[in-house]
Amino acid sequence: MPPLKSTSPLSAETRHAVSIVLNGTPRTGHAHPRLLLTDFLRHELGAHGTRVGCEHGVCGACTVRIDGLAVRACLTLAVQADGRRIDTVEGLAAANEGRMTALQEAFRRHHALQCGFCTAGILMSLTDYLDRNPKPTEEELRDMLSGHLCRCTGYAGIVRAVMEVTGQTVKEVTHV
C-alpha cells in the first residue's frame, strides 16, 4: 500500500479523521494512529461483517478489499485507509442490487459455511481472486484457500461452491 498522503505528523494522543468510501458510500470516522482497520470498521463505522480472528494476519477472517485488492484488515492501520475505497462482505450484496452474489448463493447450496465466522474473509478473498483468475484449477483454488483458517467446513463445500461458480467440476474430495 502506498504511504500516507498526510503532510503533518500524526499525534499518538489525537484521534484523526479518516475518510473512506465504504462499500460505495463515503464515510468518515476518527482513529488514533495505531487503531487497526478491523477495529475502525467494526467499532467506529459499524461494519460488523469484518471479523477479528487471530489479529496476526494468519487466519484471513478480517479480509477486506482496499481499492479492489484483498488485504488483511488486522495488519492495516485505519489511517492507512484514509482516502481509499474499502469493500467488506456487507457490500457484496449491495453491489449486486441487494441480492446475494453467485458465489454467496453457491456457498449456501454447497454448505460452504457452518458457523460463518471465517466466511466473510473467504468471500472477500475469493471475490478478489476470481476477478484476477476466473478459471482457477482446483489445485490453484486449494492453494489460495490455504491462507484461510476454517474449523467447521473442511473446505470441501467451499471448493465445490467455487468450482460450480467457475463452471468447473471438483476432481478431489479431500480436504485442503
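Student: What do the buried residues of α1 pack against?

Tutor: They pack against the strands β1 (16–22), β2 (25–31), β3 and β5 (85–87). Contact here means heavy atoms within 4.5 Å. Helices (H or I, at least four residues) and strands (E, at least two) are DSSP runs, numbered from the N terminus. This is a predicted model, in which local features need pLDDT of at least 70 and side-chain atom pairs count only at pLDDT 80 or more, whereas totals for chains, interfaces and linings use all residues. Residues are numbered from 1 along each chain as its sequence is written, and side-chain values use heavy atoms, with hydrogens and water left out.

Student: Which residues of α1 are buried, then?

Tutor: Leu37, Thr38, Phe40 and Leu41 are the buried residues in α1. Buried means under 20% relative accessible area, exposed means over 50%, and partly exposed lies in between (1.4 Å probe, protein chains only).

Student: Which residue other than glycine has a positive phi near 60°?

Tutor: That is Glu55, which is found in the loop between α1 and β3. Its relative accessible area is 43%, so Glu55 counts as partly exposed. Tyr155, which is not a glycine either, has a positive phi of about 70°. For context, most residues other than glycine have a negative phi.

Student: Where does Tyr155 lie?

Tutor: Tyr155 is in the loop between α5 and α6. With a relative accessible area of 11%, Tyr155 is buried.

Student: How far apart are Cys62 and Tyr155, in sequence and in space?

Tutor: They are separated by 93 residues in sequence and by 18 Å in space, C-alpha to C-alpha. Cys62 itself belongs to the loop between α1 (37–44) and β3 (63–66). Cys62 is buried because its relative accessible area is 4%.

Student: What does Cys62 touch?

Tutor: Leaving aside residues up to four places away in sequence, Cys62 touches Thr38, Thr50, Arg51, Val71, Arg72, Ala73 and Cys74. Thr38 is also one of the buried residues of α1.

Student: Changing topic: at what angle do the axes of α3 and α4 cross?

Tutor: They cross at roughly 130° and come within 11 Å. Axes are lines fitted to C-alpha atoms, for helices over the stretch in contact, and angles run from 0 to 180 degrees between N-to-C directions. α3 is therefore oblique to α4; angles under 35 degrees count as roughly parallel, over 145 as roughly antiparallel, 65 to 115 as roughly perpendicular and the rest as oblique.

Student: Which residues make that contact?

Tutor: From α3 come Leu103, Gln104 and Phe107, and from α4 come Thr119, Ile122, Leu123, Leu126, Thr127 and Leu130. They divide into 6 nonpolar, 3 polar and no charged. Ala, Val, Leu, Ile, Met, Phe, Trp, Tyr, Cys and Pro count as nonpolar, Asp, Glu, Lys and Arg as charged, and the others, Gly among them, as polar.

Student: What about α4 and α5: at what angle do their axes cross?

Tutor: The axes of α4 (residues 119–132) and α5 (residues 138–145) cross at roughly 135° and come within 11 Å. The two helices are therefore oblique to each other. Ile122, Ser125, Leu126 and Tyr129 of α4 meet Glu140, Leu141, Met144 and Leu145 of α5. This contact has 6 nonpolar residues, 1 polar and 1 charged.

Student: Which residues of α5 are buried?

Tutor: Glu138, Leu141, Arg142, Met144 and Leu145 are buried in α5. Seen down the axis, they fall within an arc of 160°, so they line one face of the helix. The arc is that of the directions from the helix axis to the C-beta atoms.

Student: What covers them, and which exposed residues does the face turned away carry?

Tutor: The cover includes α4 and α6 (156–165). The face of α5 turned away from the buried side carries the exposed residues Glu139 and Asp143.

Student: Lastly, where is the place of Gly116?

Tutor: Gly116 is in the loop between α3 and α4. Its relative accessible area is 18%, so Gly116 is buried. Gly116 and Cys150 lie 34 residues apart in sequence and 9.1 Å apart in space, C-alpha to C-alpha.
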